[in-house]
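Please read them alongside the coordinates.

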Amino acid sequence: MFQRLHRMLADGDARFRVMEHAAEGNSHKVAEIRGTEVGQGAKAMLCRLADEAGQFVLAVLPGDERVDFAKVAAAVGARKVRLADAVDAEAATGCVIGAIPPFSFDPAIRLVVDPQLLARYREIAFNAGRLDASMVLDSDELPASGQAVAGRYPQGAGMKPDPLEPLAAYARAIMGGTGAERIIGRDERSERWREADCQVTLRQRDYRFDNGVVIRRGIEVDDYPSEQACSECWITYEVMALGESPGIEPMSKSFDNACREAYWLRYHSDLLI
């Protein structure tokens, strides 16, 4: 994708430059790395059309705005759209979430660019198919669709970056507790193998939340006899997609038994109410 974008822009004599940097897909963090304003970031949100299988819309909006799914649906005449999950997004675009550029090379992906992105800044910036490479492009090179797809954050213009959300809040929801975000889907996989004199089982489940966040919880156990009160196992939480979250901290967490996991959830319970 990076080479294709570079070739297209170069062949068209577009005014742009390339910046290589540490891998980052969060709008606020990558803007700090680039030395640009958050709003200059062309945040590309891939949405799936609810009534048309295999059809998507790529909504492009300022990095300091929140996508309004109702406006995205209206822009393409759809009844409803929803955020594509990490697997669908990569399959459709060839890019991981956070690296999708504000261009479409596929007729199944309709492009909608919020005009305020181009009106606010002379240049826009975006991850160019890679989390470790950005392009800064003259805003005149990206035509707006004339359709607004952004909804203001509650803070309004000139906002400070939203505080990072605790991973424990999502973990609590996964374990059956209440939370601000709602689980809307689950994907599960498991595998088994023999290791030394015991059988090892790995179970992983991806939880999709209504704000587009995807959290993977994995647990690895074996059948080796243990006399410990809390048998050893390997439990992991990993953020697979940030969706509309301003950021989650930490991005991963692991435990060597269920008791440590339970203690972590209890310890953070004051943050999760």
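1. Beyond its neighbours within four places in sequence, Phe126 is in contact (heavy atoms within 4.5 Å) with Leu5, Arg34, Ala42, Pro101, Pro102, Phe103, Ala133, Ser134, Met135 and Leu137. The model is a predicted one: local features need pLDDT of at least 70, side-chain atom pairs count only at pLDDT 80 or more, and totals for chains, interfaces and linings use all residues. Residues are numbered from 1 along each chain as its sequence is written, and side-chain values use heavy atoms, with hydrogens and water left out.

2. Phe126 and Leu46 touch the most other members of the largest nonpolar core, which has 27 residues. Such a core is a set of buried Ala, Val, Leu, Ile, Met, Phe, Trp, Tyr and Cys residues joined through side-chain atoms within 4.5 Å. Buried means under 20% relative accessible area, exposed over 50%, and partly exposed in between (1.4 Å probe, protein chains only). At least two residues of this core come from each of helix H1 (2-11), S2, S3, strand S6 (109-113), helix H5 (115-120), S7 and strand S8 (133-138). Helices (H or I, at least four residues) and strands (E, at least two) are DSSP runs, numbered from the N terminus.

3. Another core, of 21 residues, lies apart from the largest one. Its members include Ala173, Val213, Ile235 and Leu265.

4. Helix H2 (residues 27-34) has His28, Val30, Ala31 and Arg34 as its buried residues. S1, S7 and S8 are among the elements that cover them. After H2 comes Gly35, whose phi is positive, near 80°.

5. The structure holds 16 salt bridges, each defined as a side-chain nitrogen of Lys or Arg within 4 Å of a carboxyl oxygen of Asp or Glu. One of them joins the side chains of Glu20 and Arg130, at 4.0 Å from N to O. This pair links distant parts of the chain, with Glu20 in strand S1 (residues 16-20) and Arg130 in strand S7 (residues 123-130), 110 residues apart. Glu20 is exposed, at 63% relative accessible area, whereas Arg130 is partly exposed, at 27%.

6. Arg79 and Asp51 also meet through their side chains in a salt bridge, at 3.0 Å from N to O. They too connect distant parts of the chain, 28 residues apart: Arg79 is in the loop between helix H3 (69-76) and strand S5 (81-83), and Asp51 is in the loop between strand S2 (42-49) and strand S3 (56-62). Arg79 counts as exposed, with 62% relative accessibility.

7. Arg122 is exposed, at 60% relative accessible area, while Glu123 counts as buried, at 18%.

8. Strands S11 (residues 183-195) and S12 (residues 198-209) pair in the antiparallel sense over 12 bridges; two strands pair if DSSP finds at least two bridges between them. Arg192 has Thr201 in S12 as its bridge partner. The two strands form a hairpin with two residues between them, and Ala196 in the turn has a positive phi of about 60°.

9. S12 also runs antiparallel to strand S13 (residues 214-222), joined to it by nine bridges. Here Tyr207 stands opposite Ile215 in S13. This hairpin has four residues between its strands, with Gly212 in the turn at a positive phi of about 90°.
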